Amino acid sequence: MRPILMKGHERPLTFLKYNRDGDLLFSCAKDHNPTVWFADNGERLGTYRGHNGAVWCCDVSKDSGRLITGSADQTAMLWNVQTGQQLFTFNFDSPARSVDFAVGDKLAVITTDPFMELPSAIHVKRIAKDPSEQTGESVLLIKGPQGRINRAIWGPLNRTIISAGEDAIIRVWDSETGKLLKESDKESGHKKTVTSLAKSADGSHFLTGSLDKSARLWDTRTLTLIKTYVTERPVNAVAMSPLLDHVVLGGGQDASAVTTTDHRAGKFEAKFYDKILQEEIGGVKGHFGPINALAFNPDGKSFSSGGEDGYVRLHHFDPDYFNIKI
């Protein structure tokens, strides 16, 4: 596996996202500037300038035409991917933590953090085809969960929204009425903050990572726990291979304890697990701090990791990883 080291951020990485074709990689960091790279060779294509706070999350439309970003500056922004132009700014009264386009890109779900007296909330926004017709109105506003919602994504056919965060409970909401449909069982579910959530390629199941040092695989429709992957450090990021039955977990101990630890002891590697057998099958080292972001290329032949050290590492698998000729 040949890693490519990509240095373009001044601060820790927060999120990574490939476009549908797998030729572009978008990175978010605490340095305010989302960046786009060629996913093949790691060449930096450009930066989206306009946020005034850490950028927590991003998503890219199916046609790779638009990017949406959520930031600590209390805004979510729509961008033209090619030109870097700001198309629209959604303003909130608290930091925007998570963003996700619906299938068809006509809607986006944005979560906002608890702030002052405000609770955390899930906002559904309509995305206009013509940017000049874009408005900031919410189609739906859901409040309820205690603590911060770290991730919210669309369920199958955009009928539901799946959310998870600080209270460790995964919830499924009706995306039209905002009604709570299901929530994860406290006994079988996570015990600490859920940090990350990744959908399978077909959307039938999803993976959650938590500070309770585990990742869990859930059935999207029934919210049944399918598998649990146990590790010896908090999990900050999770990803699933679209090709093989592999899941990858990233994390490390709390950033405040990093300076006192040798990088070998800090366990800053991306760990691979067999999705079915739940066993650890390997690890990829390289970061000098906790891994905060992971993403698999949609073709399954490479993955990327982003760390507290400010680097994005791009890993292309050797053909023998698949036991097939690529």
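Over how many bridges do strand 16 and strand 17 pair, and in which sense? The legends below refer to a predicted model.

**View 1. Pairing of strand 16 with strand 17.** Strand 17 covers residues 180-183, and its pairing with strand 16 is antiparallel, over three bridges. Within strand 17, Leu180 is the bridge partner of Trp173. The hairpin formed by these strands has five residues between them, and Gly178 in this hairpin has a positive phi near 80°.

**View 2. Pairing of strand 15 with strand 16.** Strand 15 (residues 160-165) and strand 16 (residues 171-174) run antiparallel and are joined by four bridges. Trp173 of strand 16 is the bridge partner of Ile161. Five residues lie between the strands of this hairpin, where Ala168 takes a positive phi near 70°.

**View 3. The largest nonpolar core.** This core holds 26 residues, and those touching the most other members are Phe26, Leu67, Ile68, Phe90 and Ile110. Elements that give two or more residues to the core include strand 3 (24-29), strand 7 (66-71), strand 9 (86-91) and strand 11 (107-112).

**View 4. Surroundings of Ile110.** With neighbours within four places in sequence left aside, the residues in contact with Ile110 include Ile68, Ala76, Phe90, Phe92, Val99, Ala121 and His123.

**View 5. The second largest pocket.** The volume of this pocket is about 270 Å³. Its lining includes Ser61, Lys62, Asp63, Arg66, Phe101, Asp105, Ile127 and Lys129. By type, the lining residues are six charged, three polar and three nonpolar.

Technical notes: Residues are numbered from 1 along each chain as its sequence is written. This is a predicted model: local features need pLDDT of at least 70, side-chain atom pairs count only at pLDDT 80 or more; totals for chains, interfaces and linings use all residues. Side-chain values use heavy atoms; hydrogens and water are left out. On a 1 Å grid over the protein atoms alone, a cavity is a set of points where a 1.4 Å probe fits but cannot get out, and a pocket is an open set with protein on both sides within 12 Å along at least five of seven lines; lining residues have an atom within 4 Å of a point. Grid points are joined across faces, edges and corners, and a volume is the space filled by probe spheres set on the points. Ala, Val, Leu, Ile, Met, Phe, Trp, Tyr, Cys and Pro count as nonpolar, Asp, Glu, Lys and Arg as charged, and the others, Gly among them, as polar. Two strands pair if DSSP finds at least two bridges between them. A nonpolar core is a set of buried Ala, Val, Leu, Ile, Met, Phe, Trp, Tyr and Cys residues joined through side-chain atoms within 4.5 Å. Buried means under 20% relative accessible area, exposed over 50%, partly exposed in between (1.4 Å probe, protein chains only). Contact means heavy atoms within 4.5 Å.
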